[in-house]
Amino acid sequence: MLYEWVNALKEDLATNAPNGPWVAALATVDELGRPHARSVVCRRVGEDGSIFFFSDARSQKNQQLRHRPDAEAVFWISGRRTQYRLTGRVEIQSDPDSAERAAFWFQLSDASRALFFWPEPGKPLEADASFPAAIPETSAAPPTFEVLILRTHQVERLEISPQPHRRTRWRADRAWTREPLNP
Ligand SMILES: Cc1cc2nc3c(=O)[nH]c(=O)nc-3n(C[C@H](O)[C@H](O)[C@H](O)COP(=O)(O)O)c2cc1C
């Protein structure tokens, strides 16, 4: 049985964008405690509320998460005028023997696989750098391909259609029971 909030999030995402992409803002913290947020595509919402993203091992976010796994992901579901804010810690899946990681790699488009063969993200652009446009599924996942798994421990949903707005919290340490809050 799905938790109430997982069911609601999945339904809202699917209704709002049946064919995706489901884009979240993922916020991390660097070594100096400064926040960094960026858009990422949500690849899967697990039954336990884990949220799966793909990212380059060389990117700032992955480096920040290796140092400090605390993170928040925010979804804005425009069609439902609803925001979900998921708080948790990110586990990085980089094991070359992981069947799940290999399956995720396989399901990517050729164009998306190619990004993991581009030069190091965020470094100065070099004139002779090569940016492949497509990588076939027969090519094994490179070490740059990492799966970020947000292990959610708290969720807040804010619905702004009702008057007054409706704010609801669920926390793992409260057995995911629903807590209505002031908006
Ligand atoms: C719509 C959209 C979707 C994106 N999806 C991803 C993604 O799934 N994974 C990813 O690593 N970066 C994605 N990006 C790029 C990130 O927003 C970001 O620019 C990049 O990952 C570098 O961020 P970092 O230096 O903080 O790691 C996406 C950007 C946009 C505009």
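R81 sits in the loop that joins strand 5 (70–77) to strand 6 (82–93). Please keep in mind that we are looking at a predicted model. The phi angle of R81 is near 45 degrees, which is a positive value in a residue other than glycine. Most residues other than glycine have a negative phi.

I turn now to the peptide bonds. Most peptide bonds are trans. The bond from G20 to P21, however, is cis, with omega near -10 degrees; P21 belongs to the loop between helix 1 (4–16) and strand 1 (22–29). The bond from Q163 to P164 is cis as well, with omega near -5 degrees, and P164 is found in the loop between strand 7 (145–159) and strand 8 (166–171).

Finally, the ligand. Which element gives the largest share of the shell around the ligand? Strand 2 does, with four residues. By class, the shell comprises three nonpolar, four polar and three charged residues. A backbone N or O atom of V41 is 3.0 Å from an oxygen atom of the ligand, and a polar backbone atom of F54 is 2.8 Å from a ligand nitrogen atom. The protein covers 55% of the 620 Å² of accessible area that the ligand has on its own.

Note on methods
Residues are numbered from 1 along each chain as its sequence is written. This is a predicted model: local features need pLDDT of at least 70, side-chain atom pairs count only at pLDDT 80 or more; totals for chains, interfaces and linings use all residues. Side-chain values use heavy atoms; hydrogens and water are left out. A polar contact is a pair of N or O atoms within 3.5 Å; within protein, one must be able to donate a hydrogen and the other to accept it, and residues adjacent in sequence count only if both atoms are side-chain atoms. Accessible areas come from the Shrake-Rupley method with a 1.4 Å probe; for residues, only the protein chains shown count as cover. Helices (H or I, at least four residues) and strands (E, at least two) are DSSP runs, numbered from the N terminus. Ala, Val, Leu, Ile, Met, Phe, Trp, Tyr, Cys and Pro count as nonpolar, Asp, Glu, Lys and Arg as charged, and the others, Gly among them, as polar.
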